[in-house]
Amino acid sequence: MRKTLLLSLFALALALPAWAIPVPAGKAAVVEAVIGKVTADEGKGYKNLKLGQGLAPGTSVKTGANGRVSLRLPDGSVGRIAANTEFLLKAEEKRKGIFTRLLKGTVRFLVAKQPPGHSFETEMANAVAAVKGTDPEYGTDGKVDTAKVFSSGNPVALLFTDSKS
């Protein structure tokens, strides 16, 4: 019962953009919802995440077996990070946009419309996915990458690379 209530509240938080917590200046994301064990490392060791906490570029996020977190990104996109996931908010200085890396587990994005010249990319062990106007979900166990892309008629580009290159 309690788990169902928590999951319902988590889903409600994601569905109400009017309640969106703004991303602080200079941060790569802000924590919109957190359930269970979720930690982040901004270079000083892993610490528990808190609602409303801003995360710097380069931050690693880990969710435990019962952990889930929703992150709002500066462009308005939302990342839903599932249980048993390791995820990185990459620091990109030369390109404009949102750049992430999925090390293990599953993440699903609700991607906001990107301005001209901006990208939204997620890197995995064997693939880099660049999406515009889609709702992608990515998964990896470090060896095999998966991508589910939900689109409303917009083009999707997936670039698969050899992990040894």
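**A pocket, its lining and the salt bridges**

The second largest pocket holds about 160 Å³ of space. The model is a predicted one, in which local features need pLDDT of at least 70 and side-chain atom pairs count only at pLDDT 80 or more, while totals for chains, interfaces and linings use all residues. Residues are numbered from 1 along each chain as its sequence is written, and side-chain values use heavy atoms, with hydrogens and water left out.

A pocket is an open set of points on a 1 Å grid over the protein atoms alone, where a 1.4 Å probe fits and protein lies on both sides within 12 Å along at least five of seven lines. Its volume is the space filled by probe spheres set on the points, which are joined across faces, edges and corners. Lining residues have an atom within 4 Å of a point. For the second largest pocket there are 13 of them. Ala28, Pro57, Lys90, Glu92 and Gly97 lie nearest the centre. By class, the lining has 7 nonpolar, 2 polar and 4 charged residues. Here Ala, Val, Leu, Ile, Met, Phe, Trp, Tyr, Cys and Pro count as nonpolar, Asp, Glu, Lys and Arg as charged, and the others, Gly among them, as polar. Strand S9 (residues 97–110) gives the most to this lining, with 4 residues.

The chain contains 1 helix and 14 strands. Of the 165 residues in the chain, 36% are buried. Buried means under 20% relative accessible area, exposed over 50%, and partly exposed in between, with a 1.4 Å probe and protein chains only.

The whole structure has 4 salt bridges. In each, a side-chain nitrogen of Lys or Arg lies within 4 Å of a carboxyl oxygen of Asp or Glu. One of them joins Arg72 to Glu32, at 2.5 Å from N to O. This pair links distant parts of the chain, 40 residues apart: Arg72 is in strand S6 (residues 68–72) and Glu32 in strand S1 (residues 29–35). Arg72 is buried at 12%. Glu32 is buried at 9%.

Glu86 and Lys104 form another salt bridge, at 3.9 Å from N to O. Glu86 lies in strand S8 (residues 86–89) and Lys104 in strand S9, so the pair ties together parts 18 residues apart in sequence. Both ends are partly exposed, Glu86 at 24% and Lys104 at 37%.

Lys90, one of the residues nearest the pocket centre, pairs with Glu123 in a salt bridge whose closest N and O atoms are 2.7 Å apart. Because Lys90 lies in the loop between S8 and S9 and Glu123 in strand S10 (residues 119–123), the pair ties together parts 33 residues apart in sequence. Lys90 is partly exposed at 25%. Glu123 is partly exposed at 22%. A network of salt bridges links Lys90, Arg101 and Glu123.

Strand S10 also holds Thr122. Thr122 is buried, at 0% relative accessibility. Its side chain makes a polar contact with that of Thr100, at 2.9 Å. Such a contact is a pair of N or O atoms within 3.5 Å; within protein, one must be able to donate a hydrogen and the other to accept it, and residues adjacent in sequence count only if both atoms are side-chain atoms. Leaving out residues up to four places away in sequence, Thr122 touches Thr100, Leu102, Phe109, Ala127, Val128, Ala129 and Tyr138. Contact means heavy atoms within 4.5 Å.

Note on methods. Helices (H or I, at least four residues) and strands (E, at least two) are DSSP runs, numbered from the N terminus.
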